[in-house]
Amino acid sequence: MLKKFKNWYKNVFGSRREVVREEAMDVKNHRVDIRNVTYFVAKALFTDIPEMIEIERAVYSGQAPWDSTAFANELRREKDRLYLVIRKNDKLLAFIGSTFDERNRDAHITNIAVLPEYQSKGLGRFLLGIMIRKARKLNYKTVSLEVRVSNKNAQRLYRDLQFEQTGIKRGYYFGDHEDAADMVLFLNENEDEAQDGVAPQTREQN
């Protein structure tokens, strides 16, 4: 009897959970106004990978921490990975990637990068806000990430979004072995989503 109940519970509520998850991971292509500038937001495609790598090189002094194979492997995992890009005039300006861990109820930001000339314009905050809202929709407990200890600007943004530093990973980064600060946003279902970042106007693009 107990086994039958467990199977019934899993079939009913498990399927509902899958629907909620599919809805959360779905992103329609749309235009968005951030600080009175219009951009185009979409799910990352395999054809975006070369430009994503170029953004990495622009941000990381000519180095690309992730190669095309790494990005391609991430994009293939549509059930637990979400990568988004921002474009303007067909030029890729920023992207973000996140893993969604059902077991630990954590959305982990694997990658976020904005072209240097478009930093401090709200793009990073906007992308993080999307991932935070999706984590809330999935009733996750946390949103987590690593950031270079030397990247004070990024750390200020994360703290402004209520992330807290929880530890240090020594020698975390490949190449220069710089330490990484572990930062976590502890989600509270009663908190106002307004603190997740900007609330830009969006217009769906079919």
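The questions and answers below concern a predicted model.

Q: At what angle do the axes of helix H2 and helix H3 cross, and what is that crossing called?
A: Two packed helices are described by the angle and the distance between their axes. The axes of H2 (residues 49-59) and H3 (residues 68-76) come within 10 Å and cross at roughly 125 degrees.

Q: Which hand does the crossing of H2 and H3 have, and how many nonpolar residues are in their contact?
A: The crossing of H2 and H3 is right-handed. Ile-49, Met-52, Ile-53 and Glu-56 in H2 meet Ser-68, Phe-71, Ala-72 and Leu-75 in H3. By class, this contact has one charged residue, one polar residue and, as the number asked for, six nonpolar residues.

Q: What is the phi of Asn-36, and is the residue buried or exposed?
A: Most residues other than glycine have a negative phi. Asn-36 is not a glycine, yet its phi is positive, near 70 degrees. Asn-36 is found in the loop between strand E1 (30-34) and strand E2 (37-43). The relative accessibility of Asn-36 is 81%, and the cut-off is over 50%, so Asn-36 counts as exposed.

Q: Where is Ser-120 found, and what is its relative accessibility?
A: Ser-120 also is not a glycine and has a positive phi, about 65 degrees. Ser-120 is found in the loop between strand E5 (106-114) and helix H4 (123-137). Ser-120 counts as exposed because its relative accessibility is 73%.

Q: Which residues touch the most other members of the largest nonpolar core, and which element gives the largest share of this core?
A: In soluble globular proteins, nonpolar side chains tend to be buried together. The largest nonpolar core here has 54 residues, and Val-143, Tyr-158 and Phe-163 touch the most other members. The largest share of this core is eight residues, and they come from H4.

Q: Which residues does Phe-163 touch, not counting residues up to four places away in sequence?
A: Phe-163 belongs to the largest nonpolar core. With residues up to four places away in sequence not counted, Phe-163 touches Ile-132, Val-143, Leu-145, Tyr-158, Met-183, Val-184 and Leu-185.

Q: How many Å apart are Val-20 and Leu-138, C-alpha to C-alpha?
A: Val-20 lies in helix H1 (residues 2-25) and counts as partly exposed because its relative accessibility is 28%. Leaving aside neighbours within four places in sequence, Val-20 is in contact with Lys-137 and Leu-138. Val-20 and Leu-138 are 118 residues apart in sequence, but their C-alpha to C-alpha distance is 7.1 Å.

Note on methods
Residues are numbered from 1 along each chain as its sequence is written. This is a predicted model: local features need pLDDT of at least 70, side-chain atom pairs count only at pLDDT 80 or more; totals for chains, interfaces and linings use all residues. Side-chain values use heavy atoms; hydrogens and water are left out. Axes are lines fitted to C-alpha atoms, for helices over the stretch in contact, and angles run from 0 to 180 degrees between N-to-C directions. Helices (H or I, at least four residues) and strands (E, at least two) are DSSP runs, numbered from the N terminus. A crossing is left-handed if the near helix is turned anticlockwise from the far one by less than a right angle, and right-handed if clockwise. Contact means heavy atoms within 4.5 Å. Ala, Val, Leu, Ile, Met, Phe, Trp, Tyr, Cys and Pro count as nonpolar, Asp, Glu, Lys and Arg as charged, and the others, Gly among them, as polar. Buried means under 20% relative accessible area, exposed over 50%, partly exposed in between (1.4 Å probe, protein chains only). A nonpolar core is a set of buried Ala, Val, Leu, Ile, Met, Phe, Trp, Tyr and Cys residues joined through side-chain atoms within 4.5 Å.
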